Amino acid sequence: MGKYHALAVEIVKNVGGKENILGLVHCITRLRFTLKDEGKAKDDVLKAMEGVVTVMKSGGQYQVVIGNHVPEVFEDVIALTDLQEGESVQEEKKPGKLLDRAVDIISGIFQPILGIMAACGMLKGINTLLVTMGLYSAECGGSLIISAAGDALFTFLPLFLGYTAAKKFGLKPMLGLAIGAAMCYPGIQAGTLSAGMEPMYSLLEGTMFASPVYIDFFGIPVISVDYTGTVIPVILAVWFASRCEKFFNKLIPDLVKFFFVPMLTLLVTLPVSVIFLGPAATFGSALISEFTLAIRSFSPLLAGGIVGLTWQILVIFGMHWGFIPVYINNIMTLGYDNVMMPFFACTFATSAVVMAIFFKTKDKALREMAIPNFISGIFGVTEPAIYGMLLPLKKPFIISCIAGGIGGAFYGHFNFRKFIPGGMGIFELPNMMNPDGSSGNMIVAFAGIAISMAAGFVLTMLFYKDKTAAVPQQASDEAPEKTGTASKETAAASGTAPADAKAQLVLASPLKGTVIQLSDVKDEAFSSGALGKGAAIEPEEGVLYAPADGTISALFPTGHAIGLTTESGLELLMHVGMDTVQLDGKGFRAFVEAGETVKTGQKLLEFDMKLIRDAGYSLVTPVLVTNSDDFEQVETAGADTVQAGDVLLRVR
């Protein structure tokens, strides 16, 4: 039993019992129930319960406000229900822009497996490296077992994507897993069929899509495809299955839904997928490969330069996700990728720019950030450097793009390739070894790293001019106090002000916008002050910055709420919008992680204001001191409007 088991029992009892609960999720402060009948819930009893702040009803959800320890309460409540963690009934949301939706879908499907994909790719690459070095043979048991660990994900990729796509499209995850497994079934793979029988006939003869037919589905020809290791077919299949499941859920009586809905969904989805969707997706993959190769064949140097020049810009807007299927598709269909790989130069160009700033700047804060950002960049994670240093300084970001373009052009010209997916930064190198053991591609890899880093370092040393307090909204004691920037007062909240300033802690505004009194917020949990004292802001720009130096104490998975503990002990909560947890992360992009140390003015979050408004949600953002009871007074600075970095709250 968990710490909050007794509270969980009372909550479940007073929302009408587990049989009244259709769904349950939680945000950073509250349990969000979907109930069959809200009339069965005892509002007054729940509100009076120790451990419950209040009860609210909004957006079709029955919300029990708990506070900062809601994750622990959620675990104990979910254990008392028949639900799986995170399972909920969600309303249809209004669609956003087509490009935004496409990127959101791709990132939602691939992001959960990127970590394990990188790990498996590293295993495959290291195994190849050690075999090539002669430390053991490829046929020995150790090599085979390591190969199994590295190859499993890529061989059975449709299973993993079936699961993640199902969660993204609202299909039961186990159904998505079953669809992915069926698409890996040996009996329908082209390689298995061609090894055991002669084709009955061929379709599309004389075209690049000519396909032998070995089996039919009750007279309908089935084009033979190898689905293991593929990406697009299973995603289309799961999307189609999600529509089928919704249809059958409406059609089938409740008494037999448990098994009839998944049975009929599978029965319809699999034939449609192997007869139509799978072949169409495979042909589409072939076209993508041909198209990308055609672009590259026009001028490998130019194509590589464009990829290297623009990659970090794509990362900023989240559009790089759209190219991940192209990269994986090329490796799976061609055995390598040489179209997207010039982006490898950007990792090292960025790291070199950061190192040059370290040597050139006199700003203590910049120097402190440079070393960890350099190390992170070498290991393939450049976002901290991009968002924490290069973008705020502007010119270094431009230099890093140019250096990435120079390295990318080199890689494009010399046909730089990657043969195994996965890995990041220097850990990608083993995956770039030629399968035949030759060293040509590795020589190109190291030469490109040297060129990219030299270009980034030299250009930064030549053209970057250091400025005092160069990073916007990261103030030093000498920084003048002015509108839109952090001041000595703001520094007090981060623990960097002189001793006489610390009697009053001051928090910078994390947003640009109109200040609203907390009591005017149309959400009782916030307006009552039950979650803490503070203010709210109606934002004018979709960027949230750190209001003080501190540590990210909480980052909700959907990205709509962030907790920050400052160096002086203030515990802050910034909650973007009202009920925006129901967007399930759509329109939000976090640039930090829980446990990460941040500086005043550092970008924490971007959010799509239009998408949120179009979905029907308020953008009013409370900024709360959740441990305000530990202080004598929390008051607003008095301004009606603020720039990001202006003084918002004073705490005594």
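Colleague: How many salt bridges does a search of the whole structure find?

Modeller: Nine. Bear in mind that this is a predicted model.

Colleague: Why is the pair Glu368 and Lys599 called a salt bridge?

Modeller: The cut-off is a Lys or Arg side-chain nitrogen within 4 Å of an Asp or Glu carboxyl oxygen. Glu368 and Lys599 have N to O at 3.7 Å, so the pair qualifies.

Colleague: What does the pair of Glu368 and Lys599 tie together?

Modeller: Parts that are 231 residues apart in sequence. Glu368 sits in helix α14, residues 364-378. Lys599 belongs to the loop between β16 (597-598) and β17 (603-607).

Colleague: What makes Glu368 partly exposed?

Modeller: Buried needs under 20% relative accessible area and exposed needs over 50%. Glu368 has 43%, so it falls in between. Lys599 has 21%, so it too counts as partly exposed.

Colleague: How do you know that Glu428 and Lys418 form a salt bridge?

Modeller: Their closest N and O atoms are 2.6 Å apart. The limit is 4 Å, so the term applies. Both residues are in the loop between α16 (395-413) and α17 (440-463), ten residues apart.

Colleague: Are Glu428 and Lys418 buried or exposed?

Modeller: Both are buried. That puts each under 20% relative accessible area.

Colleague: What makes Asp614 and Lys610 a salt bridge?

Modeller: The closest N and O atoms are 2.7 Å apart, within the 4 Å limit. Asp614 and Lys610 both lie in helix α20, residues 609-614. They are four residues apart, about one turn of the helix. Asp614 has 34% relative accessibility and is partly exposed. Lys610 has 48% and is partly exposed as well.

Colleague: Which residues of α7 and α9 meet?

Modeller: From α7: Leu175, Gly176, Ile179, Gly180 and Met183. From α9: Pro233, Val234, Ala237, Val238, Ala241 and Glu245. The residues of this contact divide into eight nonpolar, two polar and one charged.

Colleague: Which residues of helix α1 are buried?

Modeller: Leu7, Ala8, Ile11, Val12 and Asn14, in a helix of residues 5-14. The buried residues of α1 pack against β1 (21-26), β2 (30-35), α2 (43-47) and α3 (70-78). Just after α1, Gly16 has a positive phi of about 110°.

Colleague: What are the totals for the protein chain?

Modeller: There are 20 helices and 21 strands. Buried residues make up 50% of the 652 residues. Among contacts between residues at least 6 apart in sequence, 70% join residues at least 24 apart.

Key: Residues numbered from 1 in each chain as written. Predicted model: local features only at pLDDT ≥ 70, side-chain atom pairs only at ≥ 80, totals over all residues. Heavy atoms only, no water. Helix = DSSP H or I, 4+ residues; strand = E, 2+ residues; numbered from the N terminus. Buried < 20%, exposed > 50% of the residue type's maximum accessible area, 1.4 Å probe, protein only. Contact = heavy atoms within 4.5 Å. Nonpolar A, V, L, I, M, F, W, Y, C, P; charged D, E, K, R; others polar.
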